[in-house]
Amino acid sequence: MISVTALLIAISPLSGFAETEKPEKEVADTTDIWLNTVTSGSEEVVDEVVALYGKDGILWGTVSEQVRDNPAEIRDYFEYFAKLPELSVSSYKGCVRTYNENLAINIGYYTFTFRKDGETIEVPARYSFVYQKNGNNQWEIIEHHSSALPQAPEALHQVDAEQDTCENGLLVQR
């Protein structure tokens with residue numbers, strides 16, 4: 001009896017290592033999956049990206065004037081966007097916040113680059129991803145807005161880049 005108790009005490013501190021990741025980290029990882037998938041250039045890229053959205057997902061894409069609110073419309077968008085030549089993400093910074101165990105938001109900005117007419121084009125954009133856990137306990141995108149960064153008017157006071165933090169959330173960047 002003593003040896004079993006001693007064994008349980010000896011291994012109990014290890015149980016903390018088996019805990020699941022914090023939801024913010026899971027959502028950040030899901031965003032990384034989206035970034036890596038959309039820029040993968042794989043033959044199945046469209047199917048792979050669309051699979052990251054919930055069946056009721058909504059997309060307002062970076063290069064679209066229209067909201068896409070069903071899987072067929074989201075697929076149509078990525079038939080164009082995910083197949084841009086040499087599409088990549090050159091920078092990414094976001095703030096992940098969870099609101100309960102099933103709802104999270106990642107907001108921030110990223111810069112996409114791609115080739116057009118022999119030139120490298122850079123598109124700095126801001127984004128909002130809203131995630132919800134599905135029936136398989138996986139985070140999926142239920143709302144996604146991305147738009148090219150506007151040119152700020154000179155009269156608008158610019159905040160210090162060091163103020164660009166993530167209060168009450170997880171700051172992520174690459």
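What follows is a set of questions and answers on this predicted model.

Me: In what order do the elements of the protein chain run from the N terminus on?
Reply: The secondary structure of the protein chain comes to four helices and six strands. Read from the N terminus on, these elements run α-α-α-β-α-β-β-β-β-β.

Me: What share of the contacts in the protein chain between residues at least 6 apart in sequence join residues at least 24 apart?
Reply: The protein chain has 174 residues, of which 34% are buried. Taking the contacts between residues at least 6 apart in sequence, the share that joins residues at least 24 apart is 52%.

Me: Which residues have the most contacts inside the largest nonpolar core?
Reply: In soluble globular proteins, nonpolar side chains tend to be buried together. Here the largest nonpolar core has 33 residues, and the elements that give two or more residues to this core include helix 2 (23–38), helix 4 (71–81) and strand 3 (103–116). The residues with the most contacts inside this core are W34, V38, Y53, F78, F81, Y110 and F112.

Me: Which residues does F78 touch, not counting residues up to four places away in sequence?
Reply: F78 is among the residues with the most contacts inside the largest nonpolar core, and F78 also belongs to an aromatic cluster that includes W34 and Y53. Not counting residues up to four places away in sequence, F78 touches W34, V38, V46, V49, Y53, L59 and K83.

Me: Is F112 buried or exposed?
Reply: A residue counts as buried when its relative accessible area is under 20%. The relative accessible area of F112 is 2%, so F112 is buried.

Me: Is the pair of F81 and F112 stacked or edge-to-face?
Reply: F81 lies in helix 4 and F112 in strand 3, 31 residues apart, and F81 counts as buried at 4% relative accessibility. Planes over 60 degrees apart count as edge-to-face. The ring centres of F81 and F112 are 5.0 Å apart and their planes stand at 90°, so the pair is edge-to-face.

Me: Which residues does the disulfide join?
Reply: A disulfide is a covalent bond between the sulfur atoms of two cysteines, and a search of the whole structure finds one disulfide. One cysteine is in strand 2 and the other in the loop between strand 5 and strand 6 (170–173), 71 residues apart, and both are buried. With S to S at 1.9 Å, the residues joined are C95 and C166.

Me: Is T165 buried or partly exposed?
Reply: T165 has its place in the loop between strand 5 and strand 6, and its C-alpha atom is separated by 7.9 Å from that of C95, 70 residues apart along the chain. The relative accessible area of T165 is 44%, which lies between the cut-offs of 20% and 50%, so T165 is partly exposed.

Me: With which residue does the side chain of R68 make a polar contact?
Reply: R68 lies in the loop between strand 1 and helix 4, and R68 counts as buried at 11% relative accessibility. Leaving aside neighbours within four places in sequence, R68 is in contact with residues including G57, E73 and Y77. The polar contact of the R68 side chain, at 3.2 Å, is with the side chain of S64.

Technical notes. Residues are numbered from 1 along each chain as its sequence is written. This is a predicted model: local features need pLDDT of at least 70, side-chain atom pairs count only at pLDDT 80 or more; totals for chains, interfaces and linings use all residues. Side-chain values use heavy atoms; hydrogens and water are left out. A nonpolar core is a set of buried Ala, Val, Leu, Ile, Met, Phe, Trp, Tyr and Cys residues joined through side-chain atoms within 4.5 Å. Buried means under 20% relative accessible area, exposed over 50%, partly exposed in between (1.4 Å probe, protein chains only). Contact means heavy atoms within 4.5 Å. A disulfide is a pair of cysteine sulfur atoms within 2.5 Å. Rings of Phe, Tyr and Trp (its six-membered ring) pair if their centres lie within 6.5 Å; planes under 30 degrees apart count as stacked, over 60 as edge-to-face and the rest as tilted. A polar contact is a pair of N or O atoms within 3.5 Å; within protein, one must be able to donate a hydrogen and the other to accept it, and residues adjacent in sequence count only if both atoms are side-chain atoms.
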